[in-house]
Structures are given as structure tokens and as C-alpha cells.
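Subject: Handover of a structure and notes on its contents

Dear colleague,

Please find the structure below, followed by an account of what was found in it. I would be grateful if you could read the account with the structure open beside it.

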Amino acid sequence: INTEDYLMADIDKELQKLNDDLLQICRLTQGAIRKTSGVLMCFDVEKTQEIIDNNKKISVLSVTYEDYFTSIVRQYQHDGNASKLISSSINVNRELKQISDLTAEVAKSLSSLNTDILDNYKINISQFAIIFQSIVWDSVISFLKQDAALAKKTIVTSLALKKICSRRQDELIERNKTAESAGRDGTVLLFIIQSVRDIATHIVNIAKI
């Protein structure tokens, strides 16, 4: 085997690791979103702790991923395409970490609610969580497969969810103005809706990459 063939085989090995590691982080992020959806419908201290612990695991994997592939980029600077792909994957990894952080913060914030979330908000947010499981996956797959059509579809869906979140935020702000006591519950719910909106933004960012 000549030097060029050896280098190509080595690059292919690293790109396969890139694919496998990103999908692992993505699956863990999906799992966190799924559990948060359940906690939104019925608060559970143990499940909330599982989400927090899961986020810590993702944090470790994310840092390890970035450190490893940052060093790989330096090795393959001679190969512009491989270097660009690996650098972009590091950005995807960062976006997934942000989604995981937001998901964990949503789960933690639920313990601060003195009352149950209003049914219409609860159902909306829980439904969003189910959709987010799918589009987080689609966004990562669109990157790994360089699928422009899937990326565009993911962006359209995410932006539609952002618009719905914005409307819900406006409704809640108006409701809090007229309520005798919006208090901390109203603030927490606004935080949750904003976090969901931010998750959609990070998904868009992945798809754009």
C-alpha cells in the first residue's frame, strides 16, 4: 500500500469515528429530550436527576470529542475537504451540547413551580419535545450525509416551532399582566418556553452547517 492509500484509509477511519461519536451524542440528547417531555407532563424528581446526570455525561463526551478532533484537524490540514468536515463536526458537537444544557435547565426549572403547568402549555411543550427528538436526529443526519433537502426540511420545521413559541411567550406575557399574581410560576414558564425556542435555534444551526 502506498503512502497516499495509507493516508486515505486513515482518514476514512477518523471520519467513521466522527460519525459514530456524533450519533452517540445525538442519541443521548434525544434521550434527554424524551425524558424531559415526560417530566413536563408529570414532574418526577428521579427522572429529573437522570436528565441532569445525562447532561453531565454528554458534557464529558462533548469535551472529549472536541479535544480529539481538534488534534485530528491539525493532522489533516493538507486535505482541505477532510479538515473542513472535521472542523464543521466540532461545531455540530457544540450545538448538541447547547441543546443538552438547555434540556437539563428546563428539567431543573420544573422543581421551582409552585403550581402545575397550564394544560395548553404543557401539551404544546411536550408535543414540541417529541418533535425535537426527531428533528435533532434529522439535523445531525443531514450534516453527516450532506443531505441539503433534509437540512432544509429541518430548518423549516424548527423555524415553525420557534414562531409558535414566540406566540406562546406573547400570550403568557399578556396573561401575566392581567393575572393578580403571576409570580415565580409565570417567570419559570417563560424561561421554559424561551429554552424550547433556543433549542430550535441550535437545531437550525446544525442544519445550516
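Contact is used here for heavy atoms within 4.5 Å. The model is predicted, so local features need pLDDT of at least 70 and side-chain atom pairs count only at pLDDT 80 or more, whereas totals for chains, interfaces and linings use all residues. Residues are numbered from 1 along each chain as its sequence is written, and side-chain values use heavy atoms, with hydrogens and water left out.

Helices are DSSP runs (H or I, at least four residues), numbered from the N terminus. Two packed helices are described by the angle between their axes and the distance between the axes. Axes are lines fitted to C-alpha atoms, for helices over the stretch in contact, and the angles run from 0 to 180 degrees between N-to-C directions. Helix H2 covers residues 45–75 and helix H3 covers residues 80–109; the angle at which they pack is about 165°, and their axes are 9 Å apart. H2 and H3 are therefore roughly antiparallel to each other, a term for angles over 145 degrees. Their crossing is left-handed, which means that the near helix is turned anticlockwise from the far one by less than a right angle.

Ser88 lies in helix H3. Is Ser88 buried or exposed? With a relative accessibility of 17%, Ser88 counts as buried; the cut-offs are under 20% relative accessible area for buried, over 50% for exposed, and in between for partly exposed (1.4 Å probe, protein chains only). Apart from neighbours within four places in sequence, Ser88 is in contact with Phe143 and Ile209.

**Salt bridges**

Side chains of opposite charge can pair when their charged atoms come close. A salt bridge is a side-chain nitrogen of Lys or Arg within 4 Å of a carboxyl oxygen of Asp or Glu. How many salt bridges does the structure hold? There are six, and three of them are described here:

- Lys97 and Asp101 are joined by a salt bridge at 2.5 Å, N to O. Both residues lie in helix H3, four residues apart, about one turn of the helix. Lys97 is buried at 17% relative accessibility, while Asp101 is partly exposed at 22%.
- Glu105 and Lys108 are joined at 2.9 Å, N to O. These two also lie in helix H3, three residues apart, about one turn of the helix. Glu105 is partly exposed at 35%, and Lys108 is partly exposed at 35%.
- Glu171 and Arg168 are joined at 2.7 Å, N to O. Both lie in helix H5, three residues apart, about one turn of the helix. Glu171 is partly exposed, with a relative accessible area of 37%.

Lys162 lies in helix H5, residues 148–178. Lys162 is buried yet has no salt bridge. The nearest side chain of opposite charge is that of Asp198, 6.8 Å away; Lys and Arg count as positive and Asp and Glu as negative, while His and the chain ends are not counted. Leaving aside neighbours within four places in sequence, Lys162 is in contact with Arg197, Ala200 and Thr201.

Gln146 is in the loop between helix H4 (119–144) and H5. The phi of Gln146 is near 50°, a positive value in a residue other than glycine. Gln146 counts as exposed, at 55% relative accessibility.

Yours sincerely,
A colleague

Definitions and conventions. Angles under 35 degrees count as roughly parallel, over 145 as roughly antiparallel, 65 to 115 as roughly perpendicular and the rest as oblique.
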